[in-house]
Amino acid sequence: MRGYTISDAISLGQNQLKNISSNYANETLWLLKHCLKTTSSDLLINQSSQIFNYQYKLFLELLNRRVKKEPIQYILESICFYGHDFNINKNVFIPRPETEQCIDILKKYHSYSDSVLEIGSGTGCLPITLSLENLAANIISIDINPQAIIQSKQNAKKFNCHNIIFKHQDFFNMPIERKYNLIISNPPYIPMKDIDSLDIEVKLFDPIEALTDYSDGLKFYKYFSKFGRKLVHKGGVILLEFGGAEQLVDIQKIFNQNNYKHQIFDDLNKDPRFILITI
Ligand SMILES: C[S@@+](CC[C@H](N)C(=O)[O-])C[C@H]1O[C@@H](n2cnc3c(N)ncnc32)[C@H](O)[C@@H]1O
């Protein structure tokens, strides 16, 4: 292989990624700095420097994965959530930026929680951020996906969070034995019938049990409505993410049926996205 420069790699990357991502320029730099273990500014300053053959080969490999639409977060094995860099692997759901707003909603509308249950750990991004932002202690976080529990435990160790217990557990088989001050969840809410029409990046790469409840997308909300008062102390709250305007009427109906006091919050695209239920 002849010697290639940083500039050669940037041109190649940008040309190949142009067709699949509007963010191709940044993605090229992210992939290249990952392979060269350097910073974006170093890359840009030293464009005429040669790179080692093994680094170029690795760059080609990662570029090829991205060209096949694998999400950049799985390739880089990293995702930034609320300013913190979480490790991620391909068996675990990629946290979406809108979920960060859960943290802001709790900061504004609910005080510190000393007993928390999170359903659906994923990378552990929600409970770990609650802990890092000093919003909660004594957190239990469960996931039906054992890989999510392994990844969450790794992230908790990385961030030195000692107040979270991660447990491999199906929520629907979890005995109701105690109450919490806060329940938080971004559950799988896409109706099974809509899975085929999702973007290929989501459909092929995110774990299916993180996307859908294999039913109408409302299974978790119905369960929270049925058992909310058995799971949460009086004065406590349940904060849930849901699938936007399309689900709003159903979600409100589910909680109105059992006379819950609730508030809806929009995401940054002005789509209704969160429900905060006060017990
Ligand atoms: C949309 S992801 C959210 C992950 C993470 N909280 C986030 O916001 O990035 C939903 C998570 O719920 C988990 N899950 C799905 N069904 C479950 C169940 N019955 N019990 C517990 N966890 C479940 C999935 O494995 C997945 O990790």
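Helices (H or I, at least four residues) and strands (E, at least two) are DSSP runs, numbered from the N terminus. Residues count from 1 along each chain as its sequence is written. You are looking at a predicted model, in which local features need pLDDT of at least 70, side-chain atom pairs count only at pLDDT 80 or more, and totals for chains, interfaces and linings use all residues, while side-chain values use heavy atoms, leaving out hydrogens and water.

**The sheet**

Start with the open sheet of 7 strands, whose order is S7-S6-S5-S8-S9-S11-S10, with mixed pairing. Two strands pair if DSSP finds at least two bridges between them. Now select 164-168 and 261-266: these are strands S7 and S10, which stand at the edges with a single partner strand each, so one side of each has no neighbour in the sheet. From one strand to the next, the twist averages 15°.

Next, pick residues 180-185 (S8) and 232-241 (S9), which run parallel and are joined by 5 bridges. Click on Ile183 and you will find its bridge partner in S9, Ile238.

**Two helices**

Select residues 219-231 to see helix H11, which packs on the sheet and touches S5 (116-119), S8 and S9. Contact here means heavy atoms within 4.5 Å. The direction of H11 makes about 165° with that of S9; axes are lines fitted to C-alpha atoms, for helices over the stretch in contact, and angles run from 0 to 180 degrees between N-to-C directions.

Then move to helix H8, residues 146-158, which lies across S6 (139-143) and S7 and runs at about 165° to S7.

**The ligand**

Zoom in on Asp170: an N or O atom of its side chain is 2.8 Å from a nitrogen atom of the ligand. At Phe171, a polar backbone atom is 2.9 Å from a ligand nitrogen atom.

Note on methods. Polar contact = N/O pair within 3.5 Å; in protein donor to acceptor, adjacent residues only side chain to side chain.
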